[in-house]
Amino acid sequence: MQEELSIDSQGGPGGYGVRPADPDAVLAGLDPEQRAVATALHGPVCVLAGAGTGKTRAITHRIAYGVRSGVFQPQQVLAVTFTARAAGEMRGRLRQLGADGVQARTFHSAALRQLQYFWPRAVGGEVPRLLERKVQLVAEAAGRSGLRVQRTELRDLTGEIEWAKVTQIVPDDYPVAVVKAGRDAPRDPAEIARVYATYEQAKRDRNVIDFEDVLLLTAAILEDRPEIAERVRAQYRHFTVDEYQDVSPLQQRLLDQWTGGGAGASLCVVGDASQTIYSFTGATPDYLLNFRVKHPDATMVKLVRDYRSTPQVVHLANGLLAQARGAAARHRLELVSQRPAGPEPVYTEYADEPTEAESTAHRIKELLAQGVRASEIAVLFRTNGQSEVYEQALADLGLSYQLKGAERFFERPEVREAGLLLRGAARAGNDPLTADAPDLAAQVRAVLATRGFTATAPAGSGAVRERWESLAALVRLAEEFETARLAAGEPADLAAYVAELDARAAAQHAPAVEGVTLASLHAAKGLEWDAVFLVGLTEGTLPIIYAKTDEQLEEERRLLYVGVTRAREHLSLSWALSRSPGGRASRKPSRFLDGLRPGSAAGAGRSPGGRGGVEGGAERSAGRRAPRGPVKCRVCGRTLTEAVERKLRRCEGCPSTMDEGLYERLREWRSKRAKEQAVPAYVVFTDATLMAIAEDAPTSTGELSLISGVGAMKLDKYGAAVLSLCAGEDPDEEQAAEADDLSGEAVGDLAADDAEQARQEPPGEPSEGPGEQSRNSPEK
C-alpha cells in the first residue's frame with residue numbers, strides 16, 4: 001500500500017529523497033500540467049485533478065516553489081485537508097522539499113488552534129472543553145426528550161446532528177430541511193429536531209463544545225470581530241485546500257473568513273468531483289464546480305495524466321464514468337494512463353459468498369508467490385459487515401491482514417515501547433546490544449530483539465502477529481531511511497533514525513504494515529495498491545439497497561470509481577449469486593458493471609432511478625414498499641421507537657388486545673414449520689410478529705401484509721396457513737407439507753425480510769467500525 005513512505009510514480013520525492021538545491025530543482029520532474037500548477041503563485045488557482053494524476057505532488061511542489069523562490073513566506077502559508085493522515089503526508093513532503101515552517105493541518109485542527117488563541121480576547125475566560133465523542137451526550141439528550149433509543153440508532157441520530165450542523169441548520173429548521181434535501185431521516189424528523197435541541201442545551205449546561213462547534217465558533221468570531229479576522233489574514237496570506245470536492249457549507253464559511261472571501265484571494269484548491277463520496281455527511285462538490293464563477297480570473301489547470309494505473313485499469317475507470325449522470329459527471333476528467341500495459345481486469349462470478357472469499361484468498365496467495373508484497377494488496381467492500389468472511393478466509397491460509405480504521409501506528413503500545421528502547425540505545429552511544437551490528441537496520445533489530453522480535457514472523461494471525469508486523473515495519477523503515485541518507489551523503493546512525501521517528505510521530509506519518517489490507521471503499525479513499533480485489537459487487541450492496549434517488553445512485557457509482565482507481569496493476573471484480581452455499585441464486589451483478597464486464601450491455605434492463613436491492617426482488621417487482629414514516633401507538637398516540645413496540649403498534653405499557661388462544665396456536669404452528677424445515681423458529685416468524693398477528697387477527701392477505709415482519713416472501717409461503725389460524729380453522733396441512741424446505745439463501749432471505757422492516761439504515765455508509773469517524777470529523 002502506498003502511503004507516505006514510497007516514491008512517487010514519476011520518481012519524485014515521496015517519503016525520502018535529496019532535498020532540491022534551488023527553486024528550479026523543485027520543478028524538476030514535473031509534467032507540463034503539474035509545472036503549470038507549481039508556477040501559478042499569484043491569485044486564485046483551481047486544479048481539477050483526476051485519480052492518480054499526482055495532485056498532492058503538484059500542490060506540495062507549488063508551495064515549496066513559492067517558498068524557495070521567496071514569493072511565499074513559509075509561516076504565512078496554511079494548507080488544509082480533511083484527515084490527519086493526509087495532513088501528515090503533506091508535512092512530510094514539504095519537509096523533504098525544503099519548505100519547513102509551512103502549516104499543513106485539517107480544517108478542525110487549524111480552527112481549534114485559532115479558537116484557543118482568540119477565545120480569551122473575543123469571549124473571555126477559558127475555551128469550553130472539547131467533547132471528543134458526542135454519542136453519550138446524544139443518548140442522554142434522547143432520554144431527556146422522552147425517547148428510548150437503541151445503541152444502533154444512536155449512530156444514526158449523531159450523524160443527523162452532524163449533518164445539520166455542517167450544513168448550518170438549526171434544530172427548529174431541521175424537519176423542513178430534511179424534506180427539502182430529499183434526505184431519508186432515520187426516524188421522525190420532529191423527534192430528531194427535539195433531540196438535536198436538547199443536545200445543544202446539554203452542551204451549554206456542561207460548558208462543552210463538539211468538533212462542529214469548533215468551526216462554527218471560529219467562523220463566528222472572525223465574522224463578529226474584524227480586528228481578529230485581520231490578524232488571521234495577516235498571519236496567513238496563502239491558502240491551499242486539498243480534496244476541495246468534499247468541503248461542507250460550514251467549512252466554506254470558515255475558509256471565506258480566512259481568505260477574506262475576495263475574488264483575488266491567494267487561494268489554491270484541488271479536487272475531483274468524480275470522487276465526491278461523502279455527500280451524506282454534508283460535503284458538496286458545488287464549491288469546486290463553481291469556483292470560476294466566484295473567482296472569474298482564476299487559473300484553471302486539469303491534471304489527467306494517470307501515473308498510478310495501467311491503461312487497462314484506466315480504461316475501465318473511464319468507462320464507468322462515461323455512464324454517469326448529473327453535475328459531477330458533466331465535469332468528469334478523461335484519464336490518460338502513463339504506465340506500460342498490464343493485465344486486463346478480471347471479472348468473476350461465484351456461487352456464494354464463502355466461495356468468493358476463499359477464492360479471493362487463494363488468488364492473493366498466488367500474487368504473494370509471484371512477489372507482490374502483502375502490503376500492496378487490498379480487498380475492498382461496500383460495508384464493514386462484509387469483512388468477516390474475508391478475515392476468516394485469509395486466516396485459514398495463514399495470510400496476515402490489517403483492517404483500515406484501526407489504532408494509529410505511532411499510538412500502538414508496541415511502537416511506543418520500541419521508540420523508548422531505540423531512544424535509550426541512541427543516547428547510550430556504545431551500547432553492547434548494537435556494537436556488532438553492521439548497519440542501521442541490524443542495530444534496530446538487535447534493540448527490538450530484547451522485546452521478543454524475531455526475523456521470522458509468528459504463525460497465524462491475531463494480536464501476536466499484529467505486534468510483530470508493527471515492529472517489522474520499524475525495521476523496514478530503518479532500511480529505507482539508511483539507503484536514502486547514504487545516497488544523500490548524510491549519516492544514518494541510530495540517533496538520526498530516532499529523530500526521524502519523532503518527526504513522523506508528530507506528523508502521524510506512519511510506515512506501511514506488511515499485511516493484506518481489508519477496508520471499506522470509503523476508508524480506501526486516498527490510498528493505492530498494486531493489486532485490488534473489489535468484492536461483493538451485487539445489486540443491493542453496490543448500489544446499496546437504500547440508495548433511492550438519482551443522486552444517491554450516482555454517488556454509489558463514484559464510490560465504485562474510487563475503488564477501481566485504487567489499483568495500480570492487478571484489478572479483480574467479483575460477486576456471488578447467493579449468500580450461503582446451496583442457497584438460491586437470486587442476486588445479480590451490480591448495474592454499474594453493465595456494458596463493462598464481458599457479455600453485458602449498458603443499462604441492461606435496470607431503471608436508472610430504481611432501487612439497488614435484488615434480495616427479496618420478487619417482493620419489489622410486484623410493488624415497492626413505500627418508505628416508512630413514524631409509527632404511532634394505536635392506544636395513546638405516542639411515537640414508537642422500540643422495534644417490538646413498532647411491530648405491535650402500541651407502547652409496551654398500553655393495554656393489549658391479544659387473543660391468547662390464537663397466540664398459542666400460532667406458536668404451536670410455527671414450531672412445527674420450523675422443525676419440518678430444520679430452521680430456528682424465529683426464521684419463520686419472531687415472537688413479536690406472532691404477538692402482532694394475535695392482536696390484529698387479520699382476515700385478509702392485505703391486512704396480514706400490513707403487519708411488520710410479514711414481507712412478501714413470508715406472505716406467499718405462510719399467509720394461507722396464518723389466515724386459517726386467525727379464522728379459528730386448522731391450516732391446510734397438505735399445503736404446508738408441500739412448502740419448499742428452507743435452506744441456505746432462503747433462510748437468509750426470510751431473516752432479512754423480517755429485519756428490513758424492523759430497522760431503517762441511514763442514507764450514508766453503515767458503521768465504519770472502531771476508530772473511524774465521519775468525513776467531516778477532524779481525524780478520520
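**Close-up views of the sheet and its helices**

**View 1. Strands E2 and E6 are paired.** Strand E2 (residues 77–81) runs parallel to strand E6 (residues 238–241), joined by four bridges. Pairing requires at least two bridges found by DSSP between two strands. Strands (E, at least two residues) and helices (H or I, at least four) are DSSP runs numbered from the N terminus. Ala-79 has Thr-240 of E6 as its bridge partner. The model is predicted: local features need pLDDT of at least 70, side-chain atom pairs count only at pLDDT 80 or more, and totals for chains, interfaces and linings use all residues. Residues are numbered from 1 along each chain as its sequence is written, and side-chain values use heavy atoms, with hydrogens and water left out.

**View 2. Six strands form an open sheet.** The order is E3-E2-E6-E7-E1-E8, with parallel pairing. Strand E3 (103–106) and strand E8 (299–303) are the edges, each pairing on one side only. From one strand to the next the twist averages 15°; angles run from 0 to 180 degrees between N-to-C directions, and axes are lines fitted to C-alpha atoms, for helices over the stretch in contact.

**View 3. Helix H3 packs on the sheet.** Helix H3 (residues 55–68) touches strand E1 (45–49), E2, E6, strand E7 (267–271) and E8, contact meaning heavy atoms within 4.5 Å. The direction of H3 makes about 170° with that of E7.

**View 4. Helix H5 lies across E2, E3 and E6.** Helix H5 (residues 107–122) runs at about 105° to E3.
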